[in-house]
Amino acid sequence: MPIDIDLIRKDFPLINDEVAYLDNAATTQKPECVINAISDYYRTSNANPMRGLYKLSVAATDAYENARTKVASFINAKYPSEIVFTRNATESINLVAETYAMANLGEGDSILISIAEHHSNLLPWQRVAAAKGCKLKYIDTDESGKITVEAFKAAVTADVKFVAINQISNVLGTLNPVREFSKIAHDNGAKILVDASQSVPHIKVDVTDIDCDFLVFSGHKIYAPMGIGALYGKKELLESMPPFLRGGEMIDYVTRDSATFTEVPHKFEAGTVNVEGAAGLTAALDYVSAIGIDEIAKREEYLTKIAFEKLSNVPHVKILGSSDYVDHHGILTFVIEGVHPHDIAYIMDADDVCVRAGHHCAQPLMKHLGVMSTTRASISFYNTEDEIDRFVRSVAGIRSKMGYAE
Amino acid sequence: MPNNTFYNEILTEHNIRPFHKKKLENPDFTLEGVNPSCGDDIILALKVDDDVITDGAFEGDGCAISQASCDMMLDLIIGRPKAEALELADIFLRMIKSKITDEEKDRLEEAGILEDISHMPARVKCAVLGWHTMEEIFKGATEGSATTEDM
């Protein structure tokens, strides 16, 4: 069913015609159903889950485990136990780095990441490389912001034992062919982690089809609350990995000197878990599923096309990455000649347009692209043509406000 | 709430055509000032003769506020004794952080237009970068760099 945008916008308390919210790659606004799911959880089902031997605790456990089943089905994992809840994608990546990578990588091995990784998919690997004496290798994007299958294949040399790469870049919006990348990594005997933070909210993501070993995303970028994220890992890999954090809820048996750990995924979920976040995530995935991720993708591509074409026509503006809108997936990162991005974002705020300015947690990519910092507008399906117009008008007015004659 | 009038003619003029943004030959002091989180990065160079600032210049990149503020500072301090420059820096930093008297604001000349920055916490470090770097020079910092991130 096509999206009725007027109805959709009414679902979001912070989406209105006063302010154009175009920072969706940073975080999305939340629909009422998600906000209600959080308060409903506390009104109807709150107790410490997992261990309580009473009905309310069972209700809390159900709310939490339902979310796991929901996530598994949303990304087409084989088993719910392949989903580990974390705080966010950053924690998910750190979990894999500190457990799988620390236990399995060593001297002579290389970790391959792309130059277009968010710092969250870079710093954990720097740490593993330093701690285990392995090498951190980068694959660069080409002049259109892409990494081709051929270039990737050439970068996966015999020493590469682990690949960590985004599916959609948070700066360029480029979609990596991660299915092909997985096959190449596996043919080389390497494991692959896919950072799907910018893809899960916008396109259909299917871990069985991709055949990646790990995949991570944050709930808050897909209309769910902050503080809940997911790690998908193939069952046999998760089972083989040591625990991440240690404490309550992740043990079978503890003595004075030792402990045995419980089964996955609970082995990786020490301490009291974020049930309100899980309840909100369930509501968010239900919401997205009811609209249809393909409908969302279609509308976002349409809005991206309009925004890309209009922004391209503004003098002194340069959009980073591909010159074809279909490669941008709602993300338009740009520079305006002679104006610093912080001044741009500030002036746009005065026009009630919310955009992001800075290095977007991707400093090595900024250096690779030869820019200090940039401004990014990022689109969600709840945005409108009018908001795109307001955004482009605001951009077009900036140079004169900064004192340039044209 | 922000408003566009903040980017007024004085500020944009100092940003687009900074009078003191150039290389200074044979400076007595140079120090880099950086705000890593926003990428403001200046190198402040001063010539000092008998405790009087005889010339100054800056190079680098940053937002309009960081660049204009540094240019206005140099307008103000060149030709003045070091002690007076530090006094003006103290007034400027107090203006950004809290309040100053009208007399004090007059002493800052054009730099007084940055008073409203105090309402914009995210931009404060941009405005004070040049001033803080100058303070660090006179406190004896000769290597490394100054930053306003932890002020």
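**Entry 1**

I began with B:Asn26, which lies in the loop between α1 and β1 (29–35) of chain B. The model I am reading is a predicted one, and in it B:Asn26 has a positive phi of about 50° although it is not a glycine. I noted this because most residues other than glycine have a negative phi. Is B:Asn26 buried or exposed? I looked up its surroundings and found 7 C-beta neighbours inside 10 Å, so B:Asn26 counts as exposed, given that a residue is called exposed if 12 or fewer other C-beta atoms lie within that distance.

I then turned to B:Asp51, which also is not a glycine and has a positive phi, of about 65°. I found B:Asp51 in the loop between β2 (40–49) and β3 (52–61) of chain B, and it is exposed, with 11 other C-beta atoms within 10 Å.

**Entry 1: chain B as a whole**

I listed the secondary structure of chain B, which comes to five helices and four strands, and read along the sequence these follow the pattern α-β-β-β-α-α-α-α-β. The radius of gyration of chain B is 14 Å, close to the 15 Å that the globule rule gives for 151 residues, so chain B is as compact as a globular protein of that length. I also looked up the box that the C-alpha atoms of chain B fill along the principal axes, which is roughly 45 × 35 × 30 Å. Of the 151 residues in chain B, 42% are buried, and among contacts between residues at least 6 apart in sequence, 60% join residues at least 24 apart.

**Entry 2: two helices in chain B**

I next examined helix α1 (residues 9–16) and helix α2 (residues 64–77) of chain B, which pack at an angle of about 90° with their axes 8 Å apart; α1(B) and α2(B) are therefore roughly perpendicular to each other. Which residues of α1(B) and α2(B) meet? From α1(B) I wrote down B:Leu11, B:Thr12, B:His14 and B:Asn15, and from α2(B) their partners B:Ala64, B:Gln67, B:Ala68, B:Asp71 and B:Met72. By class, the residues of this contact divide into four nonpolar, four polar and one charged.

**Entry 3: a cis bond in chain A**

In chain A I looked at A:Val264 and A:Pro265, which are joined by a cis peptide bond with omega of about 5°. A:Val264 is placed in the loop between β10 (259–261) and α10 (275–291) of chain A, and A:Pro265 lies in the loop between β10 and α10 as well. A:Val264 is buried, with 22 other C-beta atoms within 10 Å. Leaving aside its neighbours within four places in sequence, I found A:Val264 in contact with A:Ser81, A:Leu238 and A:Glu239.

The domain assignment of chain A gives domain 1 (5–22 + 292–401) and domain 2 (34–289), and their centres, taken over C-alpha atoms, are separated by 28 Å. I noted that 22 residues of domain 1 are in contact with 22 residues of domain 2, and that on the side of domain 1 touching domain 2 the largest share, five residues, comes from α11(A).

Finally I looked at where the chains meet, a contact that takes 15 residues from chain A and 14 residues from chain B. Helix α12 (residues 341–350) of chain A gives the most to the side of chain A that touches chain B, with six residues, and by class that side has six nonpolar, six polar and three charged residues.

Methods. Residues are numbered from 1 along each chain as its sequence is written. Chains are lettered from A and ligands numbered from 1 in the order in which they are written. This is a predicted model: local features need pLDDT of at least 70, side-chain atom pairs count only at pLDDT 80 or more; totals for chains, interfaces and linings use all residues. Two residues are in contact if their C-beta atoms, placed from the backbone, lie within 7 Å. Ala, Val, Leu, Ile, Met, Phe, Trp, Tyr, Cys and Pro count as nonpolar, Asp, Glu, Lys and Arg as charged, and the others, Gly among them, as polar. Axes are lines fitted to C-alpha atoms, for helices over the stretch in contact, and angles run from 0 to 180 degrees between N-to-C directions. Angles under 35 degrees count as roughly parallel, over 145 as roughly antiparallel, 65 to 115 as roughly perpendicular and the rest as oblique. Domain bounds come from an automatic or database domain assignment. A residue is buried if 20 or more other C-beta atoms lie within 10 Å of its own, exposed if 12 or fewer, and partly exposed in between; C-beta atoms are placed from the backbone. The radius of gyration is taken over C-alpha atoms; the globule rule is 2.2 Å times the number of residues to the power 0.38.
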